[in-house]
Amino acid sequence: MNNRPQTLGEFIIDHQRDFDYASGELSQLLSSIRLASKIVTREIRKAGLTDILGASGIENVQGETQMKLDDEANDIFLKALKNRGIVCGVASEELDDFIVFDEEKHSDSKYVVLMDPLDGSSNIDVNVSVGTIFSIYRRITPAGQPAKLEDFLQPGKNQVAAGYVVYGSSTMLVYTTGKGVNGFTLEPSLGTFQLSHPNMQMPADGKIYSVNTGNYLKFPQGVKDYIDYCQDVDAETNRPYTGRYIGSLVSDFHRNLLKGGIYFYPQGTNAPKGKLRLLYECNPLAFLAEQAGGIATDGKHRILDLEPTELHQRVPFFVGSKNMVEKAMSYVTE
Ligand code: P6P
């Protein structure tokens with residue numbers, strides 16, 4: 001019998017017991033994300049060929065001009081999540097407020113999803129990888145009524161699942177339900193995600209630091225000192241490290257997950273609270289990092305312990321290999 005890799009659907013069935021809740025619910029949740037990511041892949045792969053490039057002219061809640069594909073990706077994921085009748089609400093980087101699903105089929109829905117449907121979309125028109133990031137919680141308000149803000153403002157440690165899709169040289173879906181991290185690569189000719197990276201572990205050390213050094217002069221002194229450390233020479237510890245900054249969070253994170261490294265977007269005079277959003281960028285990636293043996297902090301506190309106060313709040317973000325993040329913290333918190 002040919003030993004083809006397991007598909008995502010087969011893997012989910014094999015690991016239903018990993019999901020502490022009703023067995024079929026995880027597969028429905030992840031299959032809606034799986035479907036949406038295939039559709040977004042199709043739209044991205046043709047972005048250069050059809051008129052869906054370029055800004056839609058609308059500004060999102062972040063004051064950033066939305067690229068047309070941002071809108072497309074947002075709509076694609078919303079539709080997929082709504083149609084499965086298992087999610088009662090969604091918050092998105094592209095939407096000022098959260099959306100409630102309250103049709104009959106949502107009356108018993110128990111989950112809320114927070115997402116950045118297309119992170120790094122400004123890279124699309126230069127053909128650089130982009131990603132989707134998603135975070136899944138059980139609602140805390142009773143089922144059968146519309147989801148409320150408190151269902152979304154939960155600390156990251158409450159996540160029941162999280163993951164990302166990276167639309168790179170291949171499309172990969174990487175997720176966790178709290179029992180490790182597994183990566184699946186889309187086989188385009190079959191249209192199936194296949195288990196390509198089982199039990200992903202982030203190396204405790206690495207040589208790659210990923211930060212926008214263009215902001216160096218705006219960073220706090222401790223961050224400058226850490227960057228100086230990264231660039232200092234030391235044969236023992238393979239320094240200087242290599243700087244790699246794609247400008248697409250999911251791609252930088254994915255590379256560090258595989259090879260070891262640290263990504264950081266600190267606060268600075270340009271971004272007093274940092275740039276990245278706690279709920280649908282930092283929390284899901286922090287969950288994945290910890291599940292793979294890494295660390296994620298805001299410079300002082302564990303990301304997953306932070307109590308959110310608003311949907312689109314920003315936090316400073318340091319994430320990656322355990323020893324590298326700990327080293328960075330020794331400078332940053334000095
Ligand atoms: P800067 C993309 O806009 C993003 O949210 C991340 O994907 C990326 O790492 C970061 O911002 C880049 O921001 O300020 O360095 O251009």
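Student: In helix H6 (residues 249-259), what separates Asp252 and Arg255?
Tutor: The model is predicted, so local features need pLDDT of at least 70 and side-chain atom pairs count only at pLDDT 80 or more, while totals for chains, interfaces and linings use all residues. Residues are numbered from 1 along each chain as its sequence is written, and side-chain values use heavy atoms, with hydrogens and water left out. Helices (H or I, at least four residues) and strands (E, at least two) are DSSP runs numbered from the N terminus. Within helix H6, Asp252 and Arg255 are 3 residues apart, and the separation is therefore about one helical turn.

Student: How far apart are the closest N and O atoms of Asp252 and Arg255?
Tutor: A salt bridge requires a side-chain nitrogen of Lys or Arg within 4 Å of a carboxyl oxygen of Asp or Glu. Asp252 and Arg255 form such a bridge, and their closest N and O atoms are apart by 2.9 Å.

Student: Is Asp252 buried or exposed?
Tutor: Buried means under 20% relative accessible area, exposed over 50%, and partly exposed in between (1.4 Å probe, protein chains only). Arg255, at 13% relative accessibility, counts as buried. For Asp252 the relative accessible area is 0%, and this residue is buried.

Student: Which parts does the pair of Glu25 and Lys110 tie together?
Tutor: The side chains of Glu25 and Lys110 meet in a salt bridge at 3.0 Å, N to O. The pair ties together parts that are 85 residues apart in sequence, because Glu25 lies in helix H2 (residues 23-45) and Lys110 in the loop between strand E4 (99-100) and strand E5 (111-119).

Student: How many disulfides does the structure hold?
Tutor: A disulfide is a pair of cysteine sulfur atoms within 2.5 Å. The sulfur of Cys230 is 19 Å from the closest cysteine sulfur, in Cys282, and therefore too far for a bond. Cys230 is buried at 0%, and Cys282 also counts as buried at 0%. The number of disulfides is 0.
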